[in-house]
Amino acid sequence: MVTWIEQCLWFCYVVRTREVDKSCFFLCVLEMSESLGLCFSKFTFNSNGTQTRRVIARPKYKHVRPFQCMVTETGEDNHRIVVKNGKDSLDICRVVNGMWQTSGGWGRIEKNSAVDAMLKYADAGLTTFDMADIYGPAEDLYGIFINRVRRERPPEFLEKVRGLTKWVPPPVKMTSSYVRDSINVSRKRMDVDSLDMLQFHWWDYSNSGYLDALKHLTDLKGEGKIKTVALTNFDTERLQIILENEISIVSNQVQHSVVDMRPQQKMAELCLLKGIKLITYGTVMGGLLSEKFVDTNIAIPFAGPAINTPSLQKYKRMIDAWGGWSLFQGLLRTLKQVASKHGVSIATVAVKYILDQPAVAGSMVGVRLGLSEHIQDSNAIFSLVLDEEDVNSIRESTAKGKDLLKVIGDCGDEYRHA
């Protein structure tokens, strides 16, 4: 049974992402308030004149402080969103250019062509790039790119560009000097004084050194070397522990797609309670969620498209865990039907569906810089509105697969289980 607190959280989410008309939203709240015997005279006004009601949600998670849910109007630019926690905040593009593909295995990346492609994405409004210290030349390419932006674009353009990087250290002792030296390498490669966002990954939870690392990262944030500290591939239990240690986190980057809905089972609840956002990857499953794979039989050699990149191989294993290729074909046909209805691609529908999920701030779309592009499909995400029929049909198709939380575990557990 859905509690009224959960309804409040959901209503706050949908109005912030403008999934419903505001008048419809307030009618829903009115009906709910009448059933609870609440009085709308308890509403106050923000300085911008918007009507507001504060609702205190009592947390399910132990030691987590109550989250105050405030209903307010949002800005008109649905391309961007602010991830924040306390005084820490960063606005990003909701469709994030993922640069894992620069690390090898997708085709040879030529430096100048790659940077030209980055400029083309940014000029099209897709101004947020995600990378990692372990993604081959990704951070170096960003450094070249950001210098060209400084030279060739106006200052107001530079203000919209964001570089999110990840730090994936070995599970060694996390001393202050080790953390500082590692972050300085990324700052130098990306040619920035302060990293827009540092997303921290940790391999082994039995080693509690991740808390030491995060505290040192927080110190570096205080020195201005990092603007926001975030996580990647952390599970709900460890996120709760991090919050209990009063470490300020703005987001957690996790795998999330129409096949992998694990983040909505546990992680999103805690994130909504604490105001933390999710940034998702694997949302188009390396390209498997596309017209190219509709009505194909990859079990027969050379009969269908090759599964020949690291991302295709990774997410094919996810499909196998979820229910197999035949079941996946049914999901693809559902997505194709929705895509055809709106005149967009399957990938566009797949990303929009995840962007509309609770707590999701942004979704990654991998870029093969200088080799191929999908700027038009990515920008189509912002204008696509999935109606109730669309959402229900996709939800029904995804529900036919196995519960990956039971098969694999919570977010990021696929990296920690043999």
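How far is the sulfur of Cys411 from the closest cysteine sulfur? The distance is 8.3 Å, to Cys271, which is too far for a bond. A disulfide is a pair of cysteine sulfur atoms within 2.5 Å, and the structure holds zero of them. The model is predicted, so local features need pLDDT of at least 70 and side-chain atom pairs count only at pLDDT 80 or more, while totals for chains, interfaces and linings use all residues. Residues are numbered from 1 along each chain as its sequence is written, and side-chain values use heavy atoms, with hydrogens and water left out.

Burial was assigned from relative accessible area: buried is under 20%, exposed is over 50%, and partly exposed is in between (1.4 Å probe, protein chains only). Cys411 is buried at 2% relative accessibility. Cys93 is buried as well, at 0%. Of the 418 residues of the protein, 53% count as buried.

The protein has 15 helices and 14 strands. These are DSSP runs numbered from the N terminus (helices: H or I, at least four residues; strands: E, at least two). Contact means heavy atoms within 4.5 Å. Among contacts between residues at least 6 apart in sequence, 75% join residues at least 24 apart.

Helix 9 spans residues 267–274 and is mostly covered, with six of its eight residues buried. The buried residues are Met267, Ala268, Leu270, Cys271, Leu272 and Leu273.

Two helix pairs were examined. Two packed helices are described by the angle between their axes and the distance between the axes. Axes are lines fitted to C-alpha atoms, for helices over the stretch in contact, and angles run from 0 to 180 degrees between N-to-C directions. Helix 3 (residues 111–123) and helix 4 (residues 138–152) have axes that come within 9 Å and cross at roughly 55°. Helix 3 is therefore oblique to helix 4. Angles under 35 degrees count as roughly parallel, over 145 as roughly antiparallel, 65 to 115 as roughly perpendicular, and the rest as oblique. The crossing of helix 3 and helix 4 is right-handed, that is, the near helix is turned clockwise from the far one by less than a right angle. Helix 3 contributes Lys111, Ala114, Val115, Asp116, Met118, Leu119 and Ala122 to the contact, and helix 4 contributes Leu141, Tyr142, Ile144, Phe145, Arg148, Val149 and Glu152.

For helix 6 (residues 176–190) and helix 7 (residues 209–222), the axes come within 9 Å and cross at roughly 60°. Helix 6 is thus oblique to helix 7. This crossing is right-handed. Ser176, Val179, Arg180 and Ile183 of helix 6 meet Ala213, His216, Leu217 and Leu220 of helix 7.

Two residues illustrate links across the sequence. Asp130 lies in strand 8 (residues 128–130) and is buried, with a relative accessible area of 2%. Asp130 and Gly366 are 236 residues apart along the chain, yet their C-alpha atoms are separated by 9.1 Å. Beyond neighbours within four places in sequence, the contacts of Asp130 include Val96, Asn97, Lys166, Gln253 and Met364. Leu371 sits in the loop between strand 14 (360–366) and helix 13 (375–383). Leu371 is partly exposed, at 42% relative accessible area. Its C-alpha is 7.6 Å from that of Gly107, 264 residues away in sequence. With neighbours within four places set aside, Leu371 is in contact with Trp106, Gly107, Arg108 and Ile109.
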